[in-house]
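Here are a few notes to read alongside the structure. Keep the 3D view open and find each residue as you go.

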Amino acid sequence: MCVSPACQVQGVGGALLDGIRDRATAAGERAIVLLGHAGFYPRFGYVPAIPVGIIASDRSWGESFMALALGGRPLPAGSFRYAGPFGA
């Protein structure tokens with residue numbers, strides 16, 4: 001996800017995250033996992049994924065590797081790998 005600098009600090013990123021969360025929840029997904037700015041995503045409920053048991057394919061991602069539980073269910077634990085088109 002990316003918001004043009006000219007449109008930042010106007011709620012665009014939050015609205016996009018709300019839409020992503022709503023669609024993932026409606027699709028029955030248990031969690032959203034992402035690699036992003038550790039200073040931005042926690043305000044939307046994202047937590048560092050490694051400490052809660054989601055193992056990154058690249059440990060250097062550190063606190064930028066985050067997850068959000070959906071539908072009141074606990075976060076799944078285990079190894080994580082991005083789909084082929086997204087690399088790593």
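**Notes on rings and strands**

1. Let's start with F65, which counts as buried at 0% relative accessibility. Keep in mind that this is a predicted model.

2. F65 has a ring partner, F80: the ring centres are 5.3 Å apart and the planes sit at 55 degrees, so the pair is tilted. F65 belongs to strand β4 (residues 65-69), while F80 is in the segment after β5 (78-79), so this pair ties together parts that are 15 residues apart in sequence. And F80? With 18% relative accessibility, F80 counts as buried, because the cut-off for buried is under 20%.

3. Now zoom out: how many aromatic pairs does a search of the whole structure find? It turns up five. One of them is F40 with F44, a tilted pair with 5.2 Å from centre to centre and 50 degrees between the planes.

4. Have a look at how accessible those two are. F40 is partly exposed at 22% relative accessibility, and F44 is partly exposed too, with a relative accessible area of 27%.

5. Three strands make an open sheet, ordered β1-β4-β2, with antiparallel pairing.

6. Last, check the β1 and β4 pairing, which is antiparallel and runs over five bridges. To find your way there, look for I32, which stands opposite L68 in β4.

Technical notes:
Residues numbered from 1 in each chain as written. Predicted model: local features only at pLDDT ≥ 70, side-chain atom pairs only at ≥ 80, totals over all residues. Heavy atoms only, no water. Phe/Tyr/Trp six-rings, centres within 6.5 Å; stacked < 30°, edge-to-face > 60°. Buried < 20%, exposed > 50% of the residue type's maximum accessible area, 1.4 Å probe, protein only. Helix = DSSP H or I, 4+ residues; strand = E, 2+ residues; numbered from the N terminus. Pairing = 2+ DSSP bridges.
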